Amino acid sequence: MFESFQLGLEVALSWQGLLMCAIGVMLGTLIGVLPGVGVLAAVSLLLPLTYGYPPAIGLIMLSGVFYGAAYGGSTTAILLNLPGTANTAVTCLDGYPMSQKGRGGVALFISTIASFLGSIAGAIVLATLSIPLAAFARSFGAQEYFAVIVMAIVAASAFANHGLVRALTMTAIGLLIGMVGIDLNSGVERYTFGAMSLYDGMPIVALAIGLFGLPEVLSNLALPTPPKAPKVRIRMRDFLPSRDEWRRSVPSMGRGMTVGSVMGIMPGAGSLIASFISYSVERNSSKTPEEFGEGAIEGVAGPETANNAAIQTAFIPTLSLGVPGDSTMAIVLAALIFHGISPGPNFPIEHPDIFWGLIVSFLIGNLMLLVLNLPMIGLWVRVLSIPYTVLVPCIVVFSCIGVYSVRYSTVDILLVAGFGLFGYLARLFRLDAPPLLLGFVLGPMMEENFRRTLLLSRGDVSAFFNTPLVLGIYGATILLLVWTGRRRLFSFAGFLRKRRK
């Protein structure tokens, strides 16, 4: 391993490796800050540029764009309640309330540190456990993936702000929206209403920006007077978290590393699901769950760590199994195949320069991002001082441009407006948006693995419970529900005792 690491240093520290890594992370940060542009579109557009470089150098740049966007995407999520990328949507829940309280700088600082630590942890897992963890992920069948998705949906719904029933309702709506498009099994159009732009499904960028960005704009426009920006001192020491915030953040980052590393290994899970599960874990383990959604520092630290750890470990199934973890990893896989490289279990042995050069570049690139982002916290916080009458048109314009640039479809702009109105009405009726987004992402995967399990078992329902791993996952789901119910039962009992007194 020491000799392999030395080989990786030679590749990553070459002038081409350093230059392409710097270009990748800076482009990724810019893409993350601009809402709706999308890392998938950016990686796709940059793919032809890698053809003139060695495979390792081209992959270093594409990867830098990927994890650099995760850093930048949290900036607008915290300051404007507008997720730069879909996997930073969870950061809006507590990051934006912190900025409204004048703690936006602290939230950005914690987000940057959490992203850095999560990425480093993911890179270490990729380096040390790539082959054995890939073998574990390979043991997952359709029924195991279905069970994991059920657990993710239950976890996200159990800890929603406004109750389990409301959260499950929004999750069900998300599952229905996820069914829009062409059925992969039969080729039949579903809920497209004849619009060809919906044949590939509902665009996630339009959904995320519509649900999280525009409802905030509409809510503030409905106020009799425009909201005033919180007064924030533009001094570095004012951005540093307090001792109590550090005490609460460090354990959250540790748990986020674990959740993100595990979820990134599973093909198809990805960083979005990892951030949702991490948020649920943080809320469940907190002694003050009522603070979540109001500006809890754990709601920023945990998901941001999990998000970035999952991005790094998502390379494990892509490189070791040839199975992309998400659509962006599919572009990375296409780049390897174009260069005549076939990923698989022997990839680290047959191509150690690419494998170890990529890992070392992760460490260098994340260090670049740390140095790049920390000094810019003051600059980003100054965005809050912009008058709201100026900020609102900018938010709407950038959102529309970003959404349009993904597929060049005017229908996507109309979808943003529609989802924005729906998100505003949902907020009035105290319905949470995150369960809908999670249901939308997990819906197609859930349906695919459900139908695949029935197909392989010839309609035998017992196939969903026929392995110890599946039973263990369902058992953990039941324990999660029992634990949540127990806490709520105690809260209700305490309420009754107060009424009697």
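How do helix 2 and helix 4 lie relative to each other? They are roughly parallel (an angle under 35 degrees; over 145 would be roughly antiparallel, 65 to 115 roughly perpendicular, and the rest oblique), because helix 2 and helix 4 pack at an angle of about 30°. Their axes are 6 Å apart. Axes here are lines fitted to C-alpha atoms, for helices over the stretch in contact, and angles run from 0 to 180 degrees between N-to-C directions.

This is a predicted model: local features need pLDDT of at least 70, side-chain atom pairs count only at pLDDT 80 or more, and totals for chains, interfaces and linings use all residues. Residues are numbered from 1 along each chain as its sequence is written, and side-chain values use heavy atoms, with hydrogens and water left out.

Take the whole chain next. Its secondary structure comes to 23 helices and two strands. Helices (H or I, at least four residues) and strands (E, at least two) are DSSP runs, numbered from the N terminus. The protein chain has 501 residues, and 55% of them count as buried. Buried means under 20% relative accessible area, exposed means over 50%, and partly exposed lies in between (1.4 Å probe, protein chains only). Consider contacts, meaning heavy atoms within 4.5 Å. Among those in the protein chain with a separation of 6 or more, 80% join residues 24 or more positions apart.

Back to the opening pair. Helix 2 covers residues 15–33 and helix 4 covers residues 55–80. Helix 2 passes helix 4 in a right-handed crossing. A crossing is right-handed if the near helix is turned clockwise from the far one by less than a right angle, and left-handed if anticlockwise. On the helix 2 side, the contact residues include Gly17, Met20, Gly24 and Gly28. On the helix 4 side, they include Ile57, Met61, Gly64 and Gly68. By class, the contact has 12 nonpolar, 12 polar and no charged residues. Ala, Val, Leu, Ile, Met, Phe, Trp, Tyr, Cys and Pro count as nonpolar; Asp, Glu, Lys and Arg as charged; the others, Gly among them, as polar.

Now turn to helix 8 (residues 164–177) and helix 22 (residues 434–456). They pack at an angle of about 45°, with their axes 7 Å apart. That makes helix 8 oblique to helix 22. The crossing is right-handed. Helix 8 contributes residues including Ala167, Met170 and Gly174. Helix 22 contributes residues including Leu436, Gly439 and Phe440. The contact divides into nine nonpolar, four polar and no charged residues.

Helix 22 also holds Asn449. At 6% relative accessibility, Asn449 counts as buried. Leaving aside neighbours within four places in sequence, Asn449 is in contact with Ala142, Tyr145, Phe146 and Ile149.

The axes of helix 5 (residues 91–100) and helix 14 come within 8 Å and cross at roughly 140°. The two helices are therefore oblique to each other. Their crossing is left-handed. Thr91, Asp94, Gly95 and Met98 in helix 5 meet Gly299, Val300 and Glu304 in helix 14. This contact has two nonpolar, three polar and two charged residues.

Met98 comes up again with Ile297. Ile297 sits in the loop between helix 13 and helix 14. It is buried, with a relative accessible area of 2%. Not counting residues up to four places away in sequence, Ile297 touches Met98, Val106, Ile110, Glu245, Arg248 and Ser249. The C-alpha atoms of Ile297 and Trp246 are separated by 8.9 Å, and the two residues are 51 residues apart along the chain.

Finally, the aromatic rings. A search of the whole structure finds nine aromatic pairs. Rings of Phe, Tyr and Trp (its six-membered ring) pair if their centres lie within 6.5 Å; planes under 30 degrees apart count as stacked, over 60 as edge-to-face and the rest as tilted. Tyr279 and Phe292 form an edge-to-face pair, 5.6 Å centre to centre, with 85° between the planes. Tyr279 lies in helix 13 (residues 270–285) and Phe292 in the loop between helix 13 and helix 14 (298–313), so the pair ties together parts that are 13 residues apart in sequence. Both Tyr279 and Phe292 are buried.

Phe465 and Tyr474 form a tilted pair, 5.4 Å centre to centre, with 40° between the planes. Phe465 counts as partly exposed, at 47% relative accessibility. Tyr474 counts as buried, at 15%. Elsewhere, ring pairs link Tyr67, Phe315 and Phe362 into a cluster.
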